[in-house]
Amino acid sequence: MTISQTVVEAHGSTGAPASQAALLIGNSGGGTVNWSAKTSGDTIPGVGQWFTLSQSSGSATLHSPTVLYLNFSQNLPANVYNGSVTITSGTQSQVIPVLFTLVPGPRMKLGFTAWKFDMIAGGPLPEPRPDYVINGGNAVGAFRFDPDPF
């Protein structure tokens, strides 16, 4: 049995879509290797296991490996999570450490809550009004101003 990685390190940010990582399980010899997998790690109150596997068993040949996905919950608080995946084939077992780092997502801080422009039909355009948008989190955030939201 061969496994593509000896450790899984994944990263994500709160509020973002759920993260995922993959392991490739193969067979460097002839024939078919049958394998099983199980997770180990902290259980989070209200969430349960902080990561799950796409399947708990499978088989692989030299030319047809299996992709095993690790799916990380998106309902987690920012933290560093440690666990492992144990993959077993016959009497051979391999423990793959799993490290998932979740940082706070972007949080916009606005220097304003509304702008009011008084205009006269056919008159001059109002003066520009400077203000600011700050990312109060640790992740990259994007924003846009929509001049006509209706």
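Rings of Phe, Tyr and Trp (for Trp, its six-membered ring) make a pair if their centres lie within 6.5 Å, and planes under 30 degrees apart count as stacked, over 60 as edge-to-face and the rest as tilted. Across the whole structure, a search finds 7 aromatic pairs.

Before the details, a word on what we are looking at. This is a predicted model, in which local features need pLDDT of at least 70, side-chain atom pairs count only at pLDDT 80 or more, and totals for chains, interfaces and linings use all residues. Residues are numbered from 1 along each chain as its sequence is written, and side-chain values use heavy atoms, with hydrogens and water left out.

Back to the rings, then. A pair of aromatic rings is described by the distance of the centres and the angle of the planes. Phe51 and Phe72 make a tilted pair, 6.0 Å centre to centre with 40 degrees between the planes. Phe51 belongs to strand S7 (residues 51-53) and Phe72 to strand S9 (residues 66-72), so this pair ties together parts that are 21 residues apart in sequence. When I say strand, I mean a DSSP run of E with at least two residues, numbered from the N terminus.

Are Phe51 and Phe72 buried or exposed? Phe51 is buried, and Phe72 is too; buried here means under 20% relative accessible area, exposed means over 50%, and partly exposed is in between, with a 1.4 Å probe and protein chains only.

Phe72 has another partner to show you. With Phe100 it forms a stacked pair, 4.3 Å centre to centre and 10 degrees between the planes. Since Phe72 lies in strand S9 and Phe100 in strand S11, the pair ties together parts that are 28 residues apart in sequence. Phe100 is buried, as is Phe72. Which residues do ring pairs link into a cluster? They are Trp50, Phe51, Phe72, Tyr81 and Phe100.

Let's stay with S9 for a moment. Its covered face carries Thr66, Leu68, Leu70 and Phe72, while Val67, Tyr69 and Asn71 make up the uncovered one. S9 belongs to an open sheet of 4 strands, in the order S1-S3-S9-S7, with antiparallel pairing. By pairing I mean that DSSP finds at least two bridges between two strands. The edge strands are S1 (2-3) and S7, each of which pairs on one side only.

On one side of S9, 6 bridges join it to strand S3 (residues 20-26), running antiparallel. Within S9, Asn71 stands opposite Gln20, and Tyr69 is the bridge partner of Ala22. S7 is joined to S9 by 3 bridges, again antiparallel. There, Thr52 has Asn71 as its bridge partner.

Now for the other sheet. In this one, 5 strands form an open sheet in the order S2-S11-S10-S4-S8, and the pairing is mixed. Its edge strands, S2 (8-13) and S8 (57-61), each pair on one side only. From one strand to the next, the twist averages 30 degrees, where axes are lines fitted to C-alpha atoms and angles run from 0 to 180 degrees between N-to-C directions.

S2 and S11 (residues 92-103) pair in the parallel sense over 6 bridges. Our friend Phe100 in S11 turns up again here, opposite Ala10. S10 and S11 pair in the antiparallel sense over 11 bridges, and Ser89 stands opposite Gln92 in S11. The hairpin of S10 and S11 has 2 residues between the strands, and Gly90 takes a positive phi near 60 degrees in it. S4 (residues 32-41) and S10 (residues 79-89) are antiparallel over 6 bridges; in S10, Val85 is the bridge partner of Thr39.

How many cavities of 30 Å³ or more does the structure hold? There is 1. A cavity is a set of points on a 1 Å grid, over the protein atoms alone, where a 1.4 Å probe fits but cannot get out, and lining residues have an atom within 4 Å of a point. The largest cavity has a volume of about 60 Å³, volume being the space filled by probe spheres set on the points. Its lining residues include Gly12, Ser13, Ser73, Gln74, Phe100 and Leu102. S2 and S11 are the elements that give two or more residues to that lining.

Key. On a 1 Å grid over the protein atoms alone, a cavity is a set of points where a 1.4 Å probe fits but cannot get out, and a pocket is an open set with protein on both sides within 12 Å along at least five of seven lines; lining residues have an atom within 4 Å of a point.
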